[in-house]
Amino acid sequence: MTSLISRKMFVCVPVLALVLLLAPVRVMAHKVMVFGYVEDGKVKTISKFNGGKKVQGGKIRVFDEDGRELLQGVTDENGEFAFDIPSKKGLKIELEAAMGHKNVSLIPADQLVVAGASPVGESRSESGVEATPEFPPVEPAAEQNPSDSDIRSPGDLEVAVEAVLDRKVMPVLQMMAEKEDKPRVADILGGLGYIVGLVGIALYMKSRKEG
Amino acid sequence: MHISEGVLRPEILAGTAVLTAGFVALGLRRIEDREIPAMGILSAAFFVASLVHVPAGPVSVHLVLNGLLGMLLGFRAFPSILIALFLQALMFQFGGLTSLGANTLNMGLPAFVCYLALGWARKPETGTRAAATAGFLCGFLSVLLSGLMVGTTLALNGEAFIPAAKVVVIAHFPVMVIEGFLTSSCLVFIKKVKPEMLAGS
């Protein structure tokens with residue numbers, strides 16, 4: 001029995017190794033992501049395949065909190081699609097890319113109220129639906145540069161602080177989002193472990209039936 | 001190639017689930033001990049295959065390996081593919097749990113059909129060149145047929161068939177070629193090194 005299994009290992013391990021070697025260094029999950037955020041009074045969306053490829057010509061549908069469809073659109077060659085804020089209530093942005101890929105991005109209502117000048121809101125992802133937000137690089141609007149702007153009131157200060165915070169926090173959020181995308185080694189080993197376990201259980205049950 | 005959660009209509013999910021259940025039951029009949037480790041190893045290979053990303057223009061595709069499983073496992077490929085897809089959905093959220101029936105059918109049925117058409121190459125009497133050709137065809141056609149089936153599934157769901165199928169099939173063309181060679185070399189190798197693995201089934 002042991003020689004049977006090790007012989008098969010001898011055959012299939014090099015096969016697996018060959019298969020993995022053919023891959024480019026970056027190994028990807030097979031998902032699509034959409035990220036929606038508020039900027040300059042508009043809602044902007046960016047859609048990407050996992051691994052960075054932009055989704056061109058992807059179908060975007062926007063729903064409000066009650067599930068009513070508000071508008072539709074198509075992503076351009078940068079994977080982007082922007083629209084004016086259609087409703088003060090929370091938005092659900094749904095992306096459908098080619099070959100049956102789908103994903104969702106939620107923008108809560110409090111992000112849709114523009115505080116001061118163009119804050120960059122972040123969208124929460126809904127657990128259970130595979131929404132993994134990808135964050136764009138932050139470009140603060142010109143008038144928010146803290147060293148140039150005239151801080152005349154607490155409101156101005158708030159805007160300036162928000163801009164700086166967004167700039168600092170964005171890279172961290174981006175890193176976190178990207179971490180979630182890649183299949184973790186632990187998950188891969190877990191899946192393989194389950195298969196080995198199933199093989200063991202199947203063989204055990206068969207031997208009990210015969211024994 | 002995997003259809004995500006929430007894309008397909010319930011009727012399609014139910015119908016494909018029933019068909020898949022039937023094929024999986026067929027694949028589990030009268031299993032012999034010696035077949036189980038092979039199923040496990042190939043299921044593991046299939047599971048990992050989706051991590052191998054093949055560049056294909058504007059979309060992203062990955063290896064499927066259904067042809068390999070079809071040629072080496074015959075109708076046992078169905079349960080192996082089901083398990084691998086289930087774990088992929090669970091561990092990496094590839095495809096979906098409700099669309100498991102549809103995905104298993106789309107990837108398993110072509111493997112099975114190619115096995116029926118080309119499985120004669122497994123026999124010890126078959127020469128190396130014939131086996132290599134049959135292996136290539138099996139790997140190539142399995143991915144091609146899977147692409148057509150995904151297009152059909154999406155068409156039944158409401159999309160126009162020709163554009164949907166075109167995207168999937170064209171995007172997977174490099175995968176078809178790679179898997180043709182892979183299946184071919186695997187088959188030839190196993191025939192030389194362990195022909196008993198291909199007996200029966």
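What percentage of the 211 residues in chain A is buried? Buried residues make up 31% of them. Bear in mind as you click around that this is a predicted model.

Stop 1: Walk along the sequence and the pattern reads α-β-β-β-β-β-β-β-α-α-α. Now think about contacts: among those in chain A with a separation of 6 or more, 55% are between residues 24 or more positions apart.

**Stop 2: chain A, coloured by pLDDT.** The mean pLDDT for chain A is 70, with 58% of its residues at 70 or more. Select residues 22-29 of chain A: pLDDT stays under 50 here, and the model has 19 contacts beyond four places in sequence for this stretch. Next, select residues 115-147 of chain A, where pLDDT also stays under 50. For that stretch the model has 77 contacts beyond four places in sequence.

**Stop 3: a helix pair in chain B.** Hop over to chain B and select helix H1 (residues 10-28) together with helix H5 (residues 100-118). Their axes come within 7 Å and cross at roughly 55 degrees, which makes H1(B) oblique to H5(B). The crossing of H1(B) with H5(B) is left-handed.

Which residues make the contact? Show side chains on the H1(B) side for B:Ile12, B:Leu13, B:Thr16, B:Ala17, B:Leu19, B:Thr20 and B:Phe23. On the H5(B) side, pick B:Gly101, B:Ala102, B:Thr104, B:Leu105 and B:Gly108. Sort the residues of this contact by type and you get seven nonpolar, five polar and no charged.

Stop 4: A bit of background first: most residues other than glycine have a negative phi. Select B:Arg30, in the loop between H1 and helix H2 (35-49) of chain B. B:Arg30 isn't a glycine, yet its phi is positive, at about 50 degrees.

Then select B:Gln93, in the loop between helix H4 (77-92) and H5 of chain B. The phi of B:Gln93 is positive too, near 55 degrees, and this residue is likewise not a glycine.

B:Gln93 has 20 other C-beta atoms within 10 Å, so B:Gln93 is buried.

Conventions
Residues are numbered from 1 along each chain as its sequence is written. Chains are lettered from A and ligands numbered from 1 in the order in which they are written. This is a predicted model: local features need pLDDT of at least 70, side-chain atom pairs count only at pLDDT 80 or more; totals for chains, interfaces and linings use all residues. Axes are lines fitted to C-alpha atoms, for helices over the stretch in contact, and angles run from 0 to 180 degrees between N-to-C directions. Helices (H or I, at least four residues) and strands (E, at least two) are DSSP runs, numbered from the N terminus. Angles under 35 degrees count as roughly parallel, over 145 as roughly antiparallel, 65 to 115 as roughly perpendicular and the rest as oblique. A crossing is left-handed if the near helix is turned anticlockwise from the far one by less than a right angle, and right-handed if clockwise. Two residues are in contact if their C-beta atoms, placed from the backbone, lie within 7 Å. Ala, Val, Leu, Ile, Met, Phe, Trp, Tyr, Cys and Pro count as nonpolar, Asp, Glu, Lys and Arg as charged, and the others, Gly among them, as polar. A residue is buried if 20 or more other C-beta atoms lie within 10 Å of its own, exposed if 12 or fewer, and partly exposed in between; C-beta atoms are placed from the backbone. pLDDT is the predictor's confidence in each residue, from 0 to 100.
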